[in-house]
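Me: I'd like to learn how to read a structure like this one. Could you walk me through it, feature by feature?

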Amino acid sequence: MKLLSTGNPKILKGTKQGYNTYILHLAPYNLSGYQTCPKATAGCAAACLNTAGRGGMFKKGETTNVIQQARIRKTQFFFEERNGFMEWLVADIEKAIKQSARLNLIPVFRLNGTSDLSFEKYSVIRNGVQYDNVFFAFPEVQFYDYTKVLGRKIKHIPNYHLTFSAADGNDSDVVKAIEQGYNVATVFGIKKTEPMPATYNGREVFNGDDSDLRFLDPKGVIVGLYAKGKAKKDTTGFVKYPTIMMMAA
Ligand code: SF4
């Protein structure tokens with residue numbers, strides 16, 4: 001089983017900047033029977049990118065596909081055979097580093113492509129040496145993720161970048177995340193042909209759809225994302241409507 005994948009359209013934008021993102025896609029929230037998104041909201045679960053692209057293509061009358069089944073198997077592997085999973089992950093990262101060197105690209109890693117696990121808590125072994133987590137095992141590469149879990153203990157991990165994610169009902173966590181210095185990813189209900197709002201919640205908006213390379217973003221910004229897929233029909237409050245808010249203000 002291959003744990004890491006590349007190749008979604010937004011990730012491919014990063015290759016133009018010299019980076020190759022490898023993503024681990026697990027099954028989100030409790031789809032596998034295990035909870036991978038402790039702070040998932042009704043809105044984000046309904047609009048989750050888990051069903052974006054090929055992951056959301058189902059044959060008529062079917063409710064699953066090979067991509068969804070693979071994500072469920074990987075998640076069960078993670079929860080049921082942790083040591084084996086981490087061994088595979090380390091091996092896949094080693095392979096990715098070599099592959100990227102051949103392609104003359106810088107490998108970067110996003111382990112929560114469709115989950116929100118605190119990977120800083122899981123130890124790994126690389127070349128016979130045990131490390132507290134995969135980030136310490138690979139200090140030479142950059143990792144990044146989005147999270148809705150406030151208070152993750154990552155400040156001492158220089159090669160792991162987190163962007164906080166706004167959703168329906170986590171406004172007070174967003175305020176705290178901003179106070180703690182996080183950029184906040186916010187999904188806006190505007191068309192891709194329309195510009196991002198200049199500011200939101202009093203902060204400059206940075207277009208997060210130009211690439212997925214969040215660790216390169218300026219600090220202290222709202223990372224604006226265009227609503228995609230099911231998010232375009234969101235009514236839970238997960239998607240924010242800046243124009244309507246400005247008119248009401
Ligand atoms: S927390 Fe993220 S990965 Fe989990 S359900 Fe919500 S949007 Fe999907």
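Me: Leaving aside its neighbours within four places in sequence, which residues is Arg 71 in contact with?
Reply: A word on the ground rules before that. This is a predicted model, so local features need pLDDT of at least 70 and side-chain atom pairs count only at pLDDT 80 or more, while totals for chains, interfaces and linings use all residues. Residues are numbered from 1 along each chain as its sequence is written, and side-chain values use heavy atoms, with hydrogens and water left out. Contact means heavy atoms within 4.5 Å. By that rule, and with neighbours within four places in sequence left aside, Arg 71 touches His 25, Leu 26, Ala 27, Asn 50 and Thr 114.

Me: Where does Arg 71 sit, and is Arg 71 buried or exposed?
Reply: Helices (H or I, at least four residues) and strands (E, at least two) are DSSP runs, numbered from the N terminus. Arg 71 belongs to helix H3, residues 66–80. For burial, the scale is relative accessible area: buried is under 20%, exposed over 50%, partly exposed in between (1.4 Å probe, protein chains only). Arg 71 has 9% relative accessibility, so Arg 71 counts as buried.

Me: With which side chain does the side chain of Arg 71 make a polar contact?
Reply: A polar contact is a pair of N or O atoms within 3.5 Å; within protein, one must be able to donate a hydrogen and the other to accept it, and residues adjacent in sequence count only if both atoms are side-chain atoms. For Arg 71, the partner is the side chain of Asn 50, at 2.8 Å.

Me: What about Arg 126: where is Arg 126 found, and what does its side chain make a polar contact with?
Reply: Look in strand S4, residues 124–126. The side chain of Arg 126 has a polar contact with that of Glu 94 (3.0 Å). A polar atom of the Arg 126 side chain also lies 2.8 Å from the backbone oxygen of Ala 137. Arg 126 counts as buried because its relative accessibility is 13%. Leaving out neighbours within four places in sequence, its contacts include Val 90, Tyr 131 and Phe 138.

Me: Now the ligand. Which residues surround the ligand?
Reply: A residue is near a molecule or strand if one of its heavy atoms lies within 4 Å of it. Around the ligand you'll find Pro 28, Tyr 29, Cys 37, Cys 44, Ala 45, Cys 48, Thr 114, Ser 115 and Lys 148. To sort them, Ala, Val, Leu, Ile, Met, Phe, Trp, Tyr, Cys and Pro count as nonpolar, Asp, Glu, Lys and Arg as charged, and the others, Gly among them, as polar. That gives six nonpolar, two polar and one charged residues in the shell. As for Tyr 29, its phi is near 35°, a positive value in a residue other than glycine, and Tyr 29 is in the loop between S2 and helix H2 (42–47).

Me: How do I read the sheet, and what order do its strands have?
Reply: Strands of a sheet pair through backbone hydrogen bonds, either parallel or antiparallel. Two strands pair if DSSP finds at least two bridges between them. Here, nine strands form an open sheet with mixed pairing, in the order S1-S2-S3-S6-S7-S8-S11-S10-S9. Strand S1 (4–5) and strand S9 (199–200) stand at the edges with a single partner strand each, so one side of each has no neighbour in the sheet.

Me: And what does S6 pair with?
Reply: S6 runs parallel to strand S3 (residues 106–110), joined by two bridges, with Phe 109 bridging to Phe 143 in S6. S6 also pairs with S7 in the parallel sense over five bridges, where Asp 145 stands opposite Leu 162. Strand S6 (residues 142–147) has five of its six residues buried, so S6 is largely enclosed by the rest of the structure.

Me: Which residues of the largest nonpolar core touch the most other members?
Reply: A nonpolar core is a set of buried Ala, Val, Leu, Ile, Met, Phe, Trp, Tyr and Cys residues joined through side-chain atoms within 4.5 Å. The largest has 43 residues, and Phe 85, Leu 89, Leu 111, Phe 119, Val 134 and Phe 143 touch the most other members. H4 supplies the largest share of this core, six residues. A second, separate core of 13 residues includes Ala 185 and Val 221.
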